[in-house]
Amino acid sequence: MNPYTFLVGAARSGTTLLQRMVDAHPQIAITPESAWISRYKSEGLAPEDPVTRAVIDRLADDPWFQLMGISREELDALVASAPGLTYVPFVRAIFDLYGRKQAKALVGDKTPSYVRAIRKLHRLFPQTRFAHIIRDGREVCLSVLHWDKGPRVVGRFATWSDDPVSTCALWWEWSVRRGREAGDTLASRLYHELRYDDLVNYPEETCAALCRFLELPYDSAMVRFHEGRIQFEPGLDAKDAWLPVTAGLRDWSRQMSAEDVERFEATAGDLLDELGYPRCVPHPSASAQRWARELRERFSEDALGKGSPLPRRW
């Protein structure tokens with residue numbers, strides 16, 4: 001039953017690589033990011049309410065939805081074929097339609113921010129599986145700082161203007177902990193964690209483990225996702241160039257200053273420890289710890305003010 005899986009994780013953790021590898025499997029398609037799914041409440045719609053013309057109009061005009069290549073006329077046809085169609089079967093029907101266009105029966109989704117919406121999505125789609133990819137937060141931080149969307153995605157927190165590195169650490173911890181805490185409440189057949197490090201260093205083994213979780217046979221097409229799609233224009237990053245699996249694209253130990261590493265680890269070191277990523281600065285200075293506490297308090301107030309729950313371990 002679609003959506004068959006949600007691929008989630010803090011942005012810049014390898015979610016696009018994971019999407020491309022899973023989408024290359026002959027039995028499952030992964031849609032472009034569908035940030036629209038969890039917005040039904042902002043549309044004044046409850047899951048049990050029939051889908052209205054206003055919802056269809058707003059969805060058809062949503063740039064995120066338009067990436068799926070499904071027209072307003074096709075949405076109209078879905079609703080016309082099932083009068084009184086409510087939101088959850090409406091979303092399922094959209095995913096089924098996308099799958100028919102891709103000639104695949106199973107359809108999943110990759111939206112990084114859904115790592116913080118697992119509980120909500122599970123209530124809507126109780127049979128859907130979640131694959132959560134986790135990457136060393138210091139590498140995530142490096143990537144965010146060089147990302148043109150970084151100021152918009154992570155920079156929306158007020159602490160960004162004072163300290164982007166510590167803000168990245170808090171945002172990464174917030175995302176990873178929210179995902180893991182939600183995953184702890186799900187059955188093992190519904191939640192799976194994988195590491196970016198394993199995906200790039202042991203792609204076949206990691207994809208095979210993911211396929212076992214998805215109850216799909218492993219197919220080597222997953223590690224050949226790039227074939228016929230590599231772009232050779234100068235200046236493209238690895239994602240835009242459709243490079244094959246490539247380890248070492250970021251190396252925080254060489255590319256982060258000692259001061260940045262200390263501030264990051266002072267802020268999110270406990271989670272690094274939990275995940276088994278060794279710290280470079282096991283004992284941050286007293287001033288770094290004070291600054292981390294101050295930033296955490298301000299970040300927490302900001303997140304709560306935006307209506308974003310904090311993890312239990314915070």
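Colleague: Contact means heavy atoms within 4.5 Å. With that in hand, which residues of helix 7 meet helix 9?

Modeller: On the helix 7 side there are Gly-137, Val-140, Cys-141, Val-144 and Leu-145. Facing them in helix 9 are Pro-164, Val-165, Cys-168, Trp-171 and Trp-172. Helices (H or I, at least four residues) and strands (E, at least two) are DSSP runs, numbered from the N terminus.

Colleague: And what sort of model are we looking at?

Modeller: A predicted one, where local features need pLDDT of at least 70 and side-chain atom pairs count only at 80 or more, while totals for chains, interfaces and linings use all residues. Residues are numbered from 1 along each chain as its sequence is written, and side-chain values use heavy atoms, with hydrogens and water left out.

Colleague: At what angle do the axes of helix 7 and helix 9 cross?

Modeller: Roughly 125 degrees, and the two axes come within 9 Å. Axes are lines fitted to C-alpha atoms, for helices over the stretch in contact, with angles from 0 to 180 degrees between N-to-C directions.

Colleague: What do we call helix 7 relative to helix 9?

Modeller: Helix 7 and helix 9 are therefore oblique to each other (under 35 degrees is roughly parallel, over 145 roughly antiparallel, 65 to 115 roughly perpendicular, the rest oblique).

Colleague: How does helix 7 sit against helix 13?

Modeller: Helix 7, residues 137-145, packs against helix 13, residues 258-275, at about 135 degrees, with 10 Å between the axes. That makes helix 7 oblique to helix 13.

Colleague: Which residues make that contact?

Modeller: Gly-137, Arg-138 and Cys-141 come from helix 7, and Phe-264, Glu-265 and Leu-272 come from helix 13. By class, the contact of helix 7 with helix 13 has 3 nonpolar, 1 polar and 2 charged residues. Gly-137 and Cys-141 of helix 7 turn up here, and also among the residues that meet helix 9.

Colleague: Nice. Moving on, how far apart are the axes of helix 9 and helix 14?

Modeller: They are 10 Å apart, and the packing angle is about 60 degrees. That makes helix 9 oblique to helix 14.

Colleague: Who is in contact there?

Modeller: Helix 9 brings Ser-166, Thr-167, Leu-170, Trp-171, Glu-173 and Trp-174, and helix 14 brings Trp-291, Leu-295, Arg-296 and Phe-299. The class tally for helix 9 with helix 14 is 6 nonpolar, 2 polar and 2 charged residues. Trp-171 of helix 9 is in this contact, and Trp-171 also meets helix 7.

Colleague: New topic, the backbone. Which residues does the cis peptide bond join?

Modeller: Asn-2 and Pro-3, with omega about -5 degrees. Pro-3 belongs to the segment before strand 1 (5-8).

Colleague: And what is phi of Ala-103 near?

Modeller: Phi is near 60 degrees, a positive value in a residue other than glycine. Most residues other than glycine have a negative phi, and most peptide bonds are trans.

Colleague: Where is Ala-103 placed?

Modeller: Ala-103 is in the loop that runs between helix 5 (87-102) and strand 3 (106-110).

Terms used:
Ala, Val, Leu, Ile, Met, Phe, Trp, Tyr, Cys and Pro count as nonpolar, Asp, Glu, Lys and Arg as charged, and the others, Gly among them, as polar.
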